[in-house]
Amino acid sequence: MRLTLHRTLIALTSALAIVPAAFAAPLTTLDRNGAWVSVEAYGPNIVHVTIAVDKDEVLKGPGYGILKKNADNGAFRHAAGQDGDTFTSNGMTVHVNAAPPARTPSQPEKYFAPSLAPVGLQVKNAKGEQILEMQGWEMSPQTVSGEKTYQVGASFAAARDEHYYGMGQNQESTGPLDLRGRTLECKHWYDAPTGESVCVPFMVSSKGYGIVWDNPSATRFNAGIHGRTSFQSNVGERVSFFVITGKTTDEIYSGYARLTGKTPIPPKAAFGLIQSKARYDSQQEVLRVANTYRQKKYPLDVMVVDWFYWTRMGQMDINPAEFPDPDGMNKQLHDMGMQSIVSIWPRYETAGRYFNELDAKGYLLKDKDGKTVDGLPFRSDRTGGLIDATNPKARQWFWEKSRDNILSHGFDYPWLDETEPDLVPDGYFYSIGSGDRYHNLFPLLHVEGFADNMRTWKPNKRVLILSRAAYLGSQRTGALFWSSDVNATWEALQRQIPTGLNMTASGIALWGNDIGGWQAIPGKSDGTKPPLLDPSDARDVVGQNDDYPELLTRWFQYGTFLPTLRLHGQHKHTDIWSFGKQAETILARYDTLRYQLIPYIYSQAKFTHDTGAPFMRALWMDFPNDPNVANIGTQYMFGPAFLVAPVTEQGQTEKNVYLPAGTDWYNFWTDEKLAGGQWVKVAAPISQIPVFVKAGSIVPLGTEIQSTATKQGIASVKVYPGRDASFDLYDDDGVSYDYEKGKGTTTRLQWNDGAGKLEARGGDANLAKNLPSLMKVVGK
């Protein structure tokens with residue numbers, strides 16, 4: 001009886017949960033002889049298509065992550081004809097086929113053909129070219145966690161020359177980027193064999209459209225296999241997806257931002273060096289590391305206090321034996337121009353002070369009998385109940401305890417770890433329904449609930465949160481995402497580049513990884529070449545792994561050109577000076593370069609906020625007419641200027657790099673000019689990774705600072721000639737939300753290539769005045 005009641009309540013809550021408070025009525029709801037189809041618009045280049053057997057299901061509106069308030073049908077015209085219904089705007093045309101005439105099924109069809117009414121759909125772009133055709137849909141009855149439901153899916157035609165990107169974080173590839181020919185399990189999976197996978201079900205096609213798949217259960221994505229591309233979700237009562245079109249990829253990402261939310265500009269400190277370790281065992285160690293950075297004059301913005309600063313899991317306290325004065329510690333960090341991040345976990349062991357309260361209130365993940373789930377039935381990870389982030393009261397409780405017990409001691413920002421969640425919810429139950437139905441939802445609700453409360457608490461201090469997983473719309477929370485607990489190996493480094501490029505292609509622009517790998521350093525190297533850096537003065541950290549200083553250095557060089565740069569790892573030490581003198585010299589140089597690039601990087605954060613497009617960009621985004629870049633996942637654009645090709649092999653001192661066609665390129669280190677459309681062999685001594693700058697680029701470089709707490713000036717403006725160019729140099733106070741009120745400063749830097757003249761318009765008058773002395777034209 002208890003199980004039946006529990007399931008009934010879950011089913012009722014689940015049904016109510018996805019009904020929005022208000023949403024625009026669809027353009028129309030069509031009857032296709034047993035299949036209901038609704039078409040709803042979110043502006044001129046976005047349509048929401050829902051298909052179900054039950055009419056009520058197609059009228060429920062979109063699911064989690066979608067900003068329902070932005071529904072807008074005003075741009076579309078609807079015309080009905082004998083061949084079906086057509087919806088037209090200046091951005092796209094959607095046609096839903098008429099129902100086929102009734103006929104008697106053949107003998108084989110009586111046994112093997114789908115029983116669902118067929119639904120056909122085509123999408124054309126603004127030019128009238130067909131870019132997408134839906135060929136079929138699926139609702140297959142099944143029982144999941146005791147609930148009668150369906151496996152739901154849809155399939156689309158795949159053109160021979162079509163390429164696919166996005167779908168969140170998947171670490172299976174060591175180089176190729178295109179998802180075509182692959183089957184992905186789009187689900188949050190900490191234990192994925194090649195590294196944690198994260199489901200953000202947004203796919204972008206080379207044909208000029210994107211599909212947002214609106215279902216939070218575990219989803220299989222088949223990309224261009226046997227001429228079709230399909231989505232197949234484990235739980236659902238309808239097929240629901242969005243199609244976004246665009247003449248450029250940036251138009252598609254602008255549509256995605258309108259649909260799921262803008263990426264806020266994080267505090268400027270987020271783009272400086274973040275120093276972390278698993279774990280600093282005392283406040284004395286935190287302050288020792290911070291003070292050493294200042295003594296050595298190596299720039300640093302953030303110190304991180306990772307896990308087990310508490311007395312027990314879920315106690316939500318700070319161990320006074322190890323951190324006797326966290327307020328004083330944070331004051332000292334602030335006095336040095338640094339900020340702090342502290343890890344806050346979402347689970348509670350049974351012996352902790354809060355477990356009984358949370359259990360009694362029903363604020364933890366439950367099993368089928370309504371009993372709190374304690375730990376996992378697998379792995380050596382068996383302790384604690386998971387906070388139920390789908391319950392608004394539980395989210396509020398978690399925030400208040402985090403604020404009062406931890407953040408109030410002067411910590412600036414939280415690290416919300418285990419946001420997959422790590423305690424896998426399949427077979428268990430949230431307050432809104434089964435963990436199977438909502439497998440991928442936890443990180444959005446958990447992080448966004450915390451972010452909203454942070455902004456209410458300190459309304460003019462920007463939110464920054466470290467988060468290990470994401471879902472549709474997670475970019476709007478102010479979170480920095482990273483690739484989880486990856487191995488400290490060359491193979492893991494290789495996997496990071498394509499992994500990050502498909503994650504940013506999924507609309508999650510602020511992505512990075514643990515520089516050097518989080519897992520323990522292997523006992524010995526598997527390298528086959530002599531190490532490029534001397535490990536002899538780093539034995540207490542690297543042991544007998546002779547090439548780890550080389551790996552850490554190559555990883556840090558790559559990280560210098562990532563949206564976020566964070567040293568981390570389960571190592572004795574993780575700071576710049578702990579891997580030998582030779583490594584330290586190079587790491588310090590790249591740390592300084594990172595800070596010189598902050599005016600450029602911060603301007604890219606504004607670009608992402610304004611457009612929704614990532615600034616860590618796979619080559620296909622910027623060079624769509626060059627077929628050679630479609631599958632390159634070993635190099636990328638960092639903003640509009642830099643092409644970065646990280647070194648990912650031990651002992652490597654030169655690398656083949658592809659320079660995309662349609663432009664010339666300059667070697668960043670030597671200023672040598674090369675033509676695009678070719679592979680070139682590039683010198684890559686241990687002090688350099690291959691970096692090129694596109695001809696027709698303007699790169700502002702900042703003055704040397706110790707942290708972003710110091711106002712940074714412009715030290716030089718480098719112009720890479722070859723075509724006219726412009727760059728919007730953006731700055732603001734780096735801390736508040738005043739930028740949302742237009743209080744930032746944008747200086748338009750304009751280069752006239754024919755005249756050889758650089759101008760500054762608007763914004764910073766002092767920069768305009770000093771521009772002649774700051775300008776350096778490469779090659780002249």
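How much area do domain 1 and domain 2 bury between them, and what share of it is on carbon and sulfur atoms? In this predicted model, the two domains bury about 3500 Å², 54% of it on carbon and sulfur atoms; buried area here is the accessible area (1.4 Å probe) that two parts lose on being put together, summed over both. Tyr64, His188 and Tyr190 supply 21% of the area that domain 1 buries against domain 2, more than any other three residues.

Residues are numbered from 1 along each chain as its sequence is written, and side-chain values use heavy atoms, with hydrogens and water left out. Because the model is predicted, local features need pLDDT of at least 70 and side-chain atom pairs count only at pLDDT 80 or more, while totals for chains, interfaces and linings use all residues.

The chain is divided into domain 1 (28-245) and domain 2 (268-520 + 554-598), with bounds from an automatic or database domain assignment. Their C-alpha centres lie 34 Å apart. In terms of contact (heavy atoms within 4.5 Å), 43 residues of domain 1 meet 42 residues of domain 2.

Polar interactions also span the interface. Three salt bridges are found across it, a salt bridge being a side-chain nitrogen of Lys or Arg within 4 Å of a carboxyl oxygen of Asp or Glu. Between the domains, 25 residue pairs are in polar contact, both residues at pLDDT 80 or more; such a contact is a pair of N or O atoms within 3.5 Å, where within protein one must be able to donate a hydrogen and the other to accept it, and residues adjacent in sequence count only if both atoms are side-chain atoms. On the side of domain 1 that touches domain 2, the elements giving two or more residues include strand 9 (147-157) and strand 15 (228-236); strands are DSSP runs (E, at least two residues) and helices likewise (H or I, at least four), numbered from the N terminus.

Some backbone details deserve a look. The peptide bond from alanine 278 to arginine 279 is cis, with omega near 0°, and arginine 279 lies in the loop between strand 17 (273-275) and helix 5 (283-296). Also cis, with omega near 5°, is the bond from glutamate 420 to proline 421.

As for confidence, the mean pLDDT (the predictor's confidence in each residue, from 0 to 100) is 94, and 96% of residues reach 70 or more. Over residues 1-23, however, the pLDDT is below 50.
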